[in-house]
Every structure is written in C-alpha cells, then in structure tokens.
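User: I would like to go through the terms used for this model and check what each one rests on. Please set the values against the definitions.

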2 protein chains.
Amino acid sequence: MGKTGSHLLLDLLLASGIDTVFGNPGTSEMHLTAAFAEYPEVEKVLCLFEGGATGAADGYARMSGKPAATLLHLGPGLANGIANIHNAKKACSPMLNIVGDHTTFHKHYDAPLNSDIEATARPYCQWVKTLSCSDRLAEDAAEAISAAISHGGQIASLIVPADIAWGPSAARTLPAPACHRKKLDVAILDAAVSRMRDAKNTGRKIGLIAGQEALFDEGLELAGQIAAATGATLFFPYASGRVQRGRGLPRTIRIPFPVDAAVDLLAPYDQLFLLGAPEPVAFFAYPGKPSRVVPEHADLIPVVSARDDVLAALRYIADRIGGQGIDRDATPVPPMPSGALNPDRLMHTVANAIRENTLIVDEGVTTTRALLDRIGNAPRHDYLTNVGGSIGAGLPLALGAAIACPDRPLLCLSGDGSASYTHQVLWSMARHRLNVTVVICANHSYEILKGEMYRVGAMQPDGPANPLLELTDPRMDWVAIARGYGVDGLRCSTAEDLASAIDRGLDGPGPLLIEAALA
Amino acid sequence: MGKTGSHLLLDLLLASGIDTVFGNPGTSEMHLTAAFAEYPEVEKVLCLFEGGATGAADGYARMSGKPAATLLHLGPGLANGIANIHNAKKACSPMLNIVGDHTTFHKHYDAPLNSDIEATARPYCQWVKTLSCSDRLAEDAAEAISAAISHGGQIASLIVPADIAWGPSAARTLPAPACHRKKLDVAILDAAVSRMRDAKNTGRKIGLIAGQEALFDEGLELAGQIAAATGATLFFPYASGRVQRGRGLPRTIRIPFPVDAAVDLLAPYDQLFLLGAPEPVAFFAYPGKPSRVVPEHADLIPVVSARDDVLAALRYIADRIGGQGIDRDATPVPPMPSGALNPDRLMHTVANAIRENTLIVDEGVTTTRALLDRIGNAPRHDYLTNVGGSIGAGLPLALGAAIACPDRPLLCLSGDGSASYTHQVLWSMARHRLNVTVVICANHSYEILKGEMYRVGAMQPDGPANPLLELTDPRMDWVAIARGYGVDGLRCSTAEDLASAIDRGLDGPGPLLIEAALA
C-alpha cells in the first residue's frame, strides 16, 4: 500500500514537532489510526472517552508549550471532547484536533452518525476547516498547525473526510507552519512603565495581574522583578493555566473564587496592570453582588494580553523599570497535621508532601480551594488548574501533563464530584505507567453547589438536603473504581495515613489513587 | 421566598405531563435545582455525567412516549450531553433540555464558563431559544414543549439565564403546549395501496421498511397485517429506537450492519415501501462498496416518514389492504449452550434468559450483532438500541427505560469499549434501585474497529495489533467498576454461570453487573 493522505498528515505533524496524539478513533479514522501505528516516534495515548483526550491535550500543551494532536470520531466524538476543549481555549493552550468525517461521497446520505461537524466545533475553536480534496491536504493541515501555535495558543480543528485520509499522498515539499502573534505596541508598554513609575512615586497602591508566560520560568522572575521595583503586588487570576510557585520564587497571590473575597482583596488598589491576564471577574453573578471584582475607583490598565508576546513585553518593561531584589514567598508551610481528615488537614498534609519539581494538578474544588495560599514556600512546583470552569478537567490534565513530563512526580487533587466526569483517564495512566498520584477528596457531595445555593439565595444554609446535590446514596468506592482501571488504590481517613500514601505514590513508578475520606 | 420563574417552569412541565428530570446542575441552575426539590411529584434522577442524563432521557422517551426534561449546566454541560442528544434526535425521541446560562447582566463579562450555548445546541436540536425576560417565560417554555412533542418527537433546548430562573413568576394562566404533525397525504397512501396490490398481483417481490410506531403495539400488528396481505417481508433498519418482538408477534427482519450483508438481503426485492423509516444506507463508506443498500433496480417508495403520523397511516393502509393472518415468527430460539463463553454462546444464553416483558437494551456491538435474528420467538420483549451510532448510549438508555418502566426487568448488553464512555449511570441505577441487569461483553478490544480497519482497506486481518484499538493493557475489571458505583457485580466465563447470573439479575430488585469474559 502506497503513502496515503494520512501519512502525509503525519509527516507534517512530525516536521512541525507534534509527536503526541490523544485519541479515541472510529471507522472514519481507520486510515489515520493505521498510519499512526506506522510512526513509532509518535506517542499514541488511547483514551476511553474523548473528554479525556482533549483534557490531556490541554495538560500536555501547558507543560510542553506545544500542541498535541487529538484524534476524534465525527461530530459526536468531537462533542464528547468539547468541555475540555472549552477549558483549553480559556487557558490559551494550543491544540490540534483531527476529526474524521464520512467520505465526501457518503456525507449526503445522512447516515446515522452524520452531523454538522464544523458547526459543532466552531463555538469552541478559533480555527475550523474541512479538507475538501487531497491536493490541499498539506496546505490546509499546515494552516491548522499555524493556527494552533499562533496568538499564544489556539484550538484548531481539522476535519478529515475518510476518503482524503485514504486517498493518495500528493508528493510535494511539506509546507512550514508559521507562528503568528501581534507585534507588541511599544507605546503602550512605555505608557505602562511611566504609570508604574508615577504610581510608585506618588505612593499609589498598585497591583500586577499576571497570566501565561508571566507565571513561570523567566517570565515569572521578570514579573517578580517588576513588582519589586514598583512596590506592586503580583496577583494571578483564580483560574490560571500554569503557575510556578514555591521556595525561592517570586511571591504570587491568587485572586480568590468567592466574589466577596476577591472584591476585598483588590479593594485597596488604585491601579491594576494586566500582564497576560484578562480582567478578573466573578465566575458567576449573585443577587446584589458585583460582576466585576476590580474596584470601581481603580484604573485597570491592559498592558499585554494573553494572546500577545507576554514574555517579550515583560523583558521590555523589566529592562526599563530596572530594580533589584524580588519579594520571595517565605510564609512557612503549615505544620504537618494529625488525626481525622478534614479539608484543612488534607491541605496541610499535601503541603508537607510536596517535593522539589512536583506537578500539582488541582481540581479539588471546595476542599482544596485554600491550598495555594499555604504552599508558597513549599518546594518548587508547577500548579495547574481548570481555567474554563467546566468540571472534569483535573484527571485529564494530569494525564497530559504526565505524558509531557514523565520524569516529574505528579500529584492530582480532585473532588469526588469532579472526578466522576472523566475518570476513564485512570486507565490511560495505568497503560503508560505514569507517576501520577491521585487524591480524591471524597466528601460525597457537590459541596460547592451547596455554597452556591446559599450565595444565590436559593436555599438557607440549614435547608433540607437536595437530591440533586448529594452523592451519599450510594457512596462511591474510589478504590474499587481505580482497581477497575488497573490502578492501585487505597483509602485514608487520617492525615498520617494520607501522608504516607502520598509518599508512596510520589515514589512511583505507576499511578496510585488515594481516596481521602472526608466524611 | 415567593414563586420564581423556576416554579413557573415546573408548573408548566407538570401541567404538560413532564414529570421526570435527568440532571447534572451547576451554579447557574441553582434556583431550578431548588425548585425541583419542592415538587415531590417530579422524579429527580441525578447523573454524574451529562451524557448519562441525555441518554437516559432518550431511553425514557422511547418507552414512555413522552419527553423527560434534562437539567444541564451552561454550554460545556450541554456539550457533554450532545453525543446522546445526537442519538436521541436520530431516534425521534422527544427531549426537553433545560440549560442554565449566566444572568443576562453577567453574560458580557465573558466569565470562565461563558460560551455560545445556542450555537452549541443548534446542530443537534430542532428547537433552541434563550429566554430573554421573565414575562415571556411561560410562552417560550410552552413553545419548547410543543417543539419536543411535535413531528414525532424532537429535541428542544430551552436556555434559561439564572436571573430569569430566580426572577419573579409572572402570575398567569399556563399556556397549553400543542403537538404539531403534518397532515397525512391521502393521495400518497392510496397510491401506496395500489402499488402494493399491483405488486402482489404481478408477483413482484416487495418489502416494507418499518420505523417508529410501526415497530410496537398496535402499529406493529398493523404492519404485520399489511405485510401478510401483500406477501411482503417486514424489515426494520439496523438502528431502530424501539422494536417489539418475540413469541406471537409479527415476524420482523433487521437490515444488517455490514454493508455487503444488507445489500445481499435486499437484492431480491423489486419494491421497498418506507413506513416510518428513512432509506436504509450504509453506516460508513468503504472503498469499492456502495453507500446505498437498496438495489438500484428496486423502486423505493416513501409512504410515511418518521416525522408524520405513522400509526394513522398504518390504520389507513391496513383498512384498505385488509387481510387476515399475520406471519408470526416461529424460529426456535437456539438451545441453551454450555461451556466457555464466546459470542455465540453468550447470545444463546441471553436468548434463553429472556422473560415475558423484558426490556432489552443492546449496545453489545460486535458480540451481540446477531442476537436479534435469534430471539424472534423468545418471550415477548422490547428491544432498544443505539440509533445515532455514537457509542456510549447503551447504559444511559437502560437507566432511562428502567425509570419509565420500573416494573419490567431490563437486560442491558454492552461491549466493554462502549460501556467505557458513560458508565457513570451505574451509580444512578443503584441510587434508584432499578432492576437492571448489565452484561458487559468483555473482549478487551475495539473489536468492531478491527473489522472496519480491514473493510476500509487500512489493515490486513493478520496485521500487527494497533495500540489505538486494544484494551488489553491493562484489562478493565468491570466487577470492580460496578462496586465502585455501589452496584453488585460478578464475573462469568461459562454459559452456565452467565445463565444463572442473568436469572439472579432479572429477579431484581436492584441492579447487577455481570462481566462476561470472552477472551
């Protein structure tokens, strides 16, 4: 069998550095699936559910800085992946979805699995195109890759009819994808520098709200330097894609989820500069509470958006602002607790378990909401969380981040409600023997919604239990679920047991699931 | 707290006979969630994942003949439900999705969970509307219900901003939803009657391809009568929503999934009449094989579409065609097998386990593909399968059908690959103590795709294993998965053990999962 369109597409992916696929294929992707098997240099991660594949591609992109491919089956397969595509889009993660379609000559028969794939993709993707002929495959695929890697990371969905995947490869030189990003506007940067200097000189209270490259590696150091030189506080939005924190790193403060707390935190500030982050707003509206958390009296100054070259902007500003010394977090980690687990003891156990270079993926929702504030001086770590708010991101992010960084221990914290959406990825973790330690914070309840019920005024705190919010009947057995996927599991109800279980998990080599019994 | 828009919506649902909700709510649905709890007459089924909720609403609608409501959280929550909405749409199941949105005054802040919900819904729903003000709530909701129950069953998605859900209820008489259906074209029916008579008199071979109401209860008897009177064979499409079969019922023949087999089956026919079914076509295109399975020489005669009043059309035709005697299936059920399970032994064990009035939900994919041909003379049963082809429908359909028919035993057959998409519904089955017996046909492989790989020419039958098709490393432990959800489970590897396990399951009262080890 000669080279097909599928081979050409894979050649192009590899030439562009895309060497990882998270997939769940079907009949319309059979030639693509066969071709993937012929390329040993591609890491092929089979996911049992598409939301696992797209969430993993998000986690992979955040840690590797480059897109993974996903391989999805028609409109419904894409739809199964949309919630985590939504989350990835909000995180500015690059992603290339390869979605199979019926052959060009079968489409109009409206077979059972037929649907409008482009319309399905469009609300959640910056770039969508259906290949229309074999001759255009290389150019269209290069355009898709360009879209994924441009503007700080985008979602590109390339829809591939089966007959183009199985058609002949048009022999030609491979086009080179290009990364597009808006040129920085130096006038805006200069103005920001002036305002920062003025604010410092006039004693006005300023904050920097950082995002994207301003939250890790060189960018974080630069942001810390700018903050120190201007006397600013360095904030980041509650939902941020990747934040590097820990001992010796610049002090960063997370803007809290509850709208009142966010408003209180930012109330004293006169000027807030956006450096790679959007304006922080309330996740939801509540009767009588504001949607904006930035105070009305404050100047909100957009300097560089997440879509632009944040790192270059930081270099430019830091170069002009100068300054020495960085405010490094020295808040001691809370002492190791003991006794029956509750949210505080769980968080403090985790805080003491962090090792140098740990990846932390946190979708612990209510249980671990305050964790980040307490681990600023723990050993250095990367902290990843759900950016788009669609629950069910945590475990898939962990899968993808662990594929990107196989040599780093990964600690994934999840609520039991949140883990229930996409725990199929546990199987993929076992298959790839990934060093992932999953802690399920098992409170047997959509605890966040009980708080939200009260905050929106739908229920009193002492109201009767609502059958749509309780996970108690029956209680899920997470150790059994883990074993079902071939993952070792154990249950802990004390801080001491949790500490030793996490230690065992981080030692690796394979995945371990720990059910932390909170109630 | 006074009556809110949420209460008004619930009053309208109940007045329209919609008394069941499958939901997975979030913050934007808190007032709806609170209101549901205040209506004890509404059956509230919490699902851990939205695809379970929409698939259950499909199964519920097929058996009850009326829509359930779903309660979904914003665009991503809806997206998680789309694959099974797609399946329900293809099955003509009525469904009313209630999707919360941000408040009207918060939407433009583009908070993390914001997305275009209407655009998400549109490709998969016949009716979509966002409530724009409290005053219009009752009328818009009535329009949504009308859409759901009209034209043979449609998908309606009503998007409810949180402030309309929590706003005051406009006191008024409740508008009455209306069921719209195209008036039957008597000329077409008369012409069909003439052609059937002519065909019989001229000895031409004719087939009826039946769908919707022609496949159960009175409609099935009428279709059987018409077939007998005209000497026609009574077919139904491979993917049909609900088929009543078994001892004493008219003989019906399923058009097979593999395109070659479907072509061969229909090849001898000169005239094929569509009675509530679309033209059967190949699920997928294969190189060198046709997309159509109806022979080129045959007349394909659309008589009544699935969207029209199929039952009335059948009454009209049967009245004119007359006839006595119906061809009732007398093919003996294969004898009870013994020994190690393989697909044939599994099917024959199931065939012998069927009890009068059993509901069978079948997503056994390759393993049970031939089951239906072998149980035409088993005790009377309803047979439900995946109509839209998006895998992950089986278990959710079983949940919904069992909620609709709590007094009937339900046997759900699923592949292991297919069960992996949406097995979260097992928890809901345990919660509602439903008499559901789930048989997981565990071959640890996407077996169907290996066949498809070969059929599309992407692989030789003896080719090396493809890592994107094998579920062997690790093998899932379905008994552990079941226990994780609070469902009893056991594993069988022989026909004898499977038979007694199914018996135990059908005895009820609660759910039982059986892993049928095939390899």
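User: What makes up the contacts in chain A with a separation of 6 or more?

Analyst: In this predicted model, 81% of those contacts join residues 24 or more positions apart. A contact here requires C-beta atoms within 7 Å.

User: Why is the radius of gyration of chain A said to agree with a compact globule?

Analyst: The globule rule is 2.2 Å times the number of residues to the power 0.38. For 519 residues that gives a value near 24 Å, and chain A has 24 Å, so the two agree. The C-alpha trace spans about 70 × 60 × 45 Å along its principal axes.

User: How do you know that the length of α8(A) fits a helix?

Analyst: The expected span is 1.5 Å times one less than the number of residues. For the 16 residues of α8(A), 186–201, that comes to 22 Å; the end C-alpha atoms are 22 Å apart, so the span agrees.

User: What makes the buried residues of α8(A) line one face?

Analyst: A residue is called buried if 20 or more other C-beta atoms lie within 10 Å of its own. In α8(A) these are A:A192, A:M196 and A:A199. Seen down the helix axis they fall within an arc of 70°, therefore they line one face. The face turned away from that side carries the exposed residues A:V186, A:A187, A:S194 and A:N201.

User: What covers the buried residues of α8(A)?

Analyst: The cover includes β7, α9, β11, β12 and α11 of chain A.

Notes
Residues numbered from 1 in each chain as written. Chains lettered and ligands numbered in written order. Predicted model: local features only at pLDDT ≥ 70, side-chain atom pairs only at ≥ 80, totals over all residues. Contact = placed C-beta atoms within 7 Å. Helix = DSSP H or I, 4+ residues; strand = E, 2+ residues; numbered from the N terminus. Buried ≥ 20, exposed ≤ 12 C-beta atoms within 10 Å, placed from the backbone. Arc of directions from axis to C-beta.
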